[in-house]
Amino acid sequence: MLRYTLVKLVTAAILVAVVSTLTFFMLYGANSDPVTTMLGETATAEQIAAREAELGLDRPVGEQFASWVTAALHGDLGTSWSNRQPVAETLAARVPVTLGLAILAIIVSAVIGIALGVAAARFRGWVDVLLQVVVIVGFALPAFWFATLLSTTFGLQLGWFPALGYIKPSESIGGWLSTVTLPVLALAAGVAAAIAQQVRNSVIDVERRDFVRALTSRGIGSRRILLAHTLRNAAPAALTVISVQFIGLLGGAIIVENIFALPGLGALAIDATTLGDVPVVMGVMLVTVLIVVVVNLALDLIQGVINPKARVR
Amino acid sequence: MTRPEILLQVTDLRVEFGSRRWGKKPFVAVDGMSIEVPQGRTLGVVGESGSGKSTLGRAILGLAPIAGGTITFDGRDITRPMPRQRRALSSELQVVFQDPYSSLNPALTIESILAEPLVAGGMSMSDARTRIAGLLDLVALPKDSLSRLPREFSGGQRQRIAIARAMARDPRLVVCDEATSALDLSTQARVIDLLLDIQEQTGVSYLFITHDLDVVRHMSDEIVVVNRGRIVERGAAERVVTDPQEEYTKRLLAASPIPDPVAQRARRAAA
Amino acid sequence: MSASPSSSSGGLAKAILRKPLVIGSGLVLIAIIVLAILAPLLSPYDPNVSDLASVLAPRSPEHLLGGDGSGRDVLSRLLWGARLSLLAGLIATVTAIVLGVPTGLVAGYRQGAVDAVGSWISDVLMSIPGIVALLVVVAAFGTSMPPTMIALGVLMAPGFFRLTRATVVSVRGELYIDAAKVAGLSGFRITFKHILAVVITPILIQASLTAGVAIIVQSGLGFLGIGDPLVPSWGSMVNDAYRNNSMAPQLVLWPGLAIGITVAALALLGSGISDVLNRTGSGASSKAAKGARKAVLVKDAQRPASEAVESRLVVENLRVAYPVADGLKEVVHGVSLEVKRGECLGIVGESGSGKSQSAFAVLGLLPSDAVRTADRVQLEEVDLLKVGRRAFDKVRATRIAYIPQDPMSNLDPAYTVGAQIVETIRAHEKVSRADAKARARDLLEQVGINDPDRTLAAYPHEISGGMAQRVLIAIAVSCNPEYIVADEPTTALDVTVQAEVLALLRRLQEARDLGVILVTHNLGVVADICDRVAVMKDGEIIETADVFELFADPQHPYTKELLGSTLSGSEPRSRVGDRAPAGSASETPATEGEER
């Protein structure tokens, strides 16, 4: 298990390094003229040159990368080009919002998805048909569209939840829940459907396996077979789909945050993108990849615990 | 009787798996086996799972990595043939696998399965059709089989199709890798009859690989007994089965129950 | 290139094209594509021209779907938006296929270093959150649609890579690929003829899903205002609708419907194709079959309870049927048998004879769609036809136990051997975990396992097949049953291991006075261990006799043929078929019973 953990850790670290390197060279190498974008077409050549020197953009890309890495390893992600705030501080203030939203959404999706998937696998018939419909609808209707609908209906028209704004959980848990309920619903709908579909398929797969029949032959009750054996063997596939869905959900959160005006990474990322604020974009990318890696690592370790074969490899 | 010419000669063959990763010992599946198959005769290879018997056959067919030793076929060295040479060899060296379900592509009709080796050998489609009709005759399958798919046939019939494919280009040696093991007893009997008939008609040689002592005794002129990648005993078929010399062969024979309650219980009582 | 005659991929294509789901979703997609292409001709207005009079205009003959927040015609924007969405889906999907499929083919076929590098890159791409990466691309390359969709294609290429690779890996292990190599086909031709044909349909399914995702992502970017403001898009229409949601809440409907219908059509097209591919299973539940099943079950429930029998397991007139398209298909036709305690009854037959189905029927282990009827299945005083699941569970393991054929697949891979033995004991007896474990250890010793402690702690994949079969036997006797039903218990084992397991079974049977039903196709095993034998063919018992009598003087022609087919003691190289009475066992095509 220790070896397994170490291998996963090293792989994760390499992944972060590769993705941030690629991102850096794309942003700083391919983006030919960020300063012109920032200062506008009317800027004079001197203004541009001065600004480039100020931002260190006159140096070769390799050198810029080296200094970015050195700083990043010390927790310094540079300064925003637009508002001159340290990127790391801005991110620190915004990550908890997005993370809280995404984690709550994935938990809600997993609970609903697993319950629905197991029910569809067990009872088949109309539950199963219903699931198929929900899966298609959940796939076909984008989360952002669903979010606008929720915001309009439950926020604006019915007024059950705030349509805009955010309350920190440290200020009021209830307030936080009321501000994130609609965003979580918008995000969870499609994800829950996808998880349910996978859980249904793997439960049906496991139930066809010989050992389930053997367990029945030993007089083990059907509830225990489901809970202790079928679900346990279906879990690896379910965990895989949860980790894939979590990655998609982080992206979805960025759009949904914009709709509900949550002060998370979403608004930051989009503003930075339209303004060409390269250090902030870089920071957002780094921090989302870090989140993904940590979550995947956790799921891999759970995988190792429940699946004895995974450990041996 | 003059001794027939040796068709296939395998000398000190070694097959290893998984040696690519450093720091790990390779798994030695075949550890220095030597065999000879004379023209028109059958050599039986018998052993339990993991003995290396199937790997031996696959190595001869070019389907397993050879780490050492030599294989000569009709005097030519075919240990590590170039792709062109391997393709040329396909007209002379063929195979019938154990599983008649996975050895036929489920998406292809019987006609295209049987045409495959012929067309690969450069035959025109119209010539191939004539030949295929003859092949169906040879293995006693109805003419209307051609446009049908493998799943429409029983296990025994599929094995006949696999035999027809192997015989398509009149090979001189056919490797039969557990060719009858997946079949029911009565079906197995008919497939064995078919293989013997074909041998009588065409003079083909068989390398007959199986775990079943009764089958190997019935089919073979000579037998080699393999265990853990090595040959432990060899000799005339009848002799090996009735008068085994090696401990392992004796154990194998004693373990295989006789389908006769009187004899089986007498043997058990004696043990 | 290849002169191969008609292959069945043509038949598959036809089957796919006949499916209503595929036809329906295909037609919808074609309609959307035609509308998009003809948008310049069809749209009543220039999609970008604002008309102050039409700001948030309601639906009217002039503006069929009304006007948006800037006074532009919604219908025109919808039609033009379809062009962008479809193009986006196309660019992303083509990119993903071009990158993913060839690499997947090579990685799967060649494996080794190519595979390792490819799989690693695909893992990296899969852990990048799509939207964030696209924002990076936008920051680097600007807001126009093609670069972002190419980037999305790159991010989605792993889906194709993995799918192609996995399919190739599963196909390349098939013996027909080996047969093609031996037949002299070049690697190139094998790839095209045997592998690509298999891969193509899953790729089509994946492509339809990928196009759907791309359309959604592109709309998402449009919604965020990323994109050329002069190119109408469904995403920017949702944004416009959202900004005007208090004044004109209906506006959000149109682009939502457009996205939803397009993507749903794509998804349904994909799932329609995959339904045809995996058409096993679900087809069996026709109305006729359900009716027939119900009728049989109702009739059976009215049967009176039968009296107890002493020291015997009795089965009378057992029938097993499965629902098929037009009713029920019976695979076991009225089997009757009985076994006394201390006796071993062999059920011998070939594949498809219904011997395993009969055994499962006695144990109540048939699949849930099976229909079982019988005049009697009586375990001493217990009427096994009348007991419910709970009551049956109490009898299982404590009175009647099961030894399966394949030892490996019958142990749960997620638990240790010890945990599985303990589970069975504790399901039936109130003993502490420690006591149960001590008993498990004892049982393992009894079945001849030398190092019981290590085996208790081992997972099923860590022990050999012969060892696993001993463990299953230990579990079977763990709660001291009176009867055991063993289904081909030695078929998956090597002969030397088979001999040991048979000896063990015999020893346990004698020591515990067990009544054993042993299902097998192996006449040697029958001769070795059975007292009486029932011969099954085509779902019926054709002969039951004492084992010595049966071998010495078989009555039924099929029994004679079966015995005549053994090669033990045969004249070498004689034709076996000549000795067995001909004709009675012509090879019949695979039946349903055989497939199950």
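## How much surface is buried

Let's start where two chains meet. About 5,600 Å² of area is buried between chain A and chain C, and carbon and sulfur atoms account for 73% of that area. The size of an interface is often given as the accessible area lost when the parts come together. Keep in mind that you are looking at a predicted model.

Which chains share this contact, and how many residues does each bring? Chain A brings 65 residues to the contact, and chain C brings 61 residues.

## Polar links across the interface

Now look for the polar partners. Between chain A and chain C there are 14 residue pairs in polar contact, counting pairs with both residues at pLDDT 80 or more. One salt bridge is found across this interface.

## The chain A side

Which helix gives the most to the side of chain A that touches chain C? Several helices of chain A supply at least two residues each to this side, including α1 (2-30), α10 (222-260) and α12 (278-306). The most comes from α10(A), with 14 residues.

By residue type, the side of chain A that touches chain C has 38 nonpolar, 19 polar and eight charged residues.

## The domains of chain C

Finally, turn to chain C itself. Its domain assignment gives domain 1, made of 7-41 + 70-278, and domain 2, made of 293-413 + 459-595. The C-alpha centres of domain 1 of chain C and domain 2 of chain C are 51 Å apart.

Definitions and conventions:
Residues are numbered from 1 along each chain as its sequence is written. Chains are lettered from A and ligands numbered from 1 in the order in which they are written. This is a predicted model: local features need pLDDT of at least 70, side-chain atom pairs count only at pLDDT 80 or more; totals for chains, interfaces and linings use all residues. Side-chain values use heavy atoms; hydrogens and water are left out. Domain bounds come from an automatic or database domain assignment. Contact means heavy atoms within 4.5 Å. Buried area is the accessible area (1.4 Å probe) that two parts lose on being put together, summed over both. A salt bridge is a side-chain nitrogen of Lys or Arg within 4 Å of a carboxyl oxygen of Asp or Glu. A polar contact is a pair of N or O atoms within 3.5 Å; within protein, one must be able to donate a hydrogen and the other to accept it, and residues adjacent in sequence count only if both atoms are side-chain atoms. Helices (H or I, at least four residues) and strands (E, at least two) are DSSP runs, numbered from the N terminus. Ala, Val, Leu, Ile, Met, Phe, Trp, Tyr, Cys and Pro count as nonpolar, Asp, Glu, Lys and Arg as charged, and the others, Gly among them, as polar.
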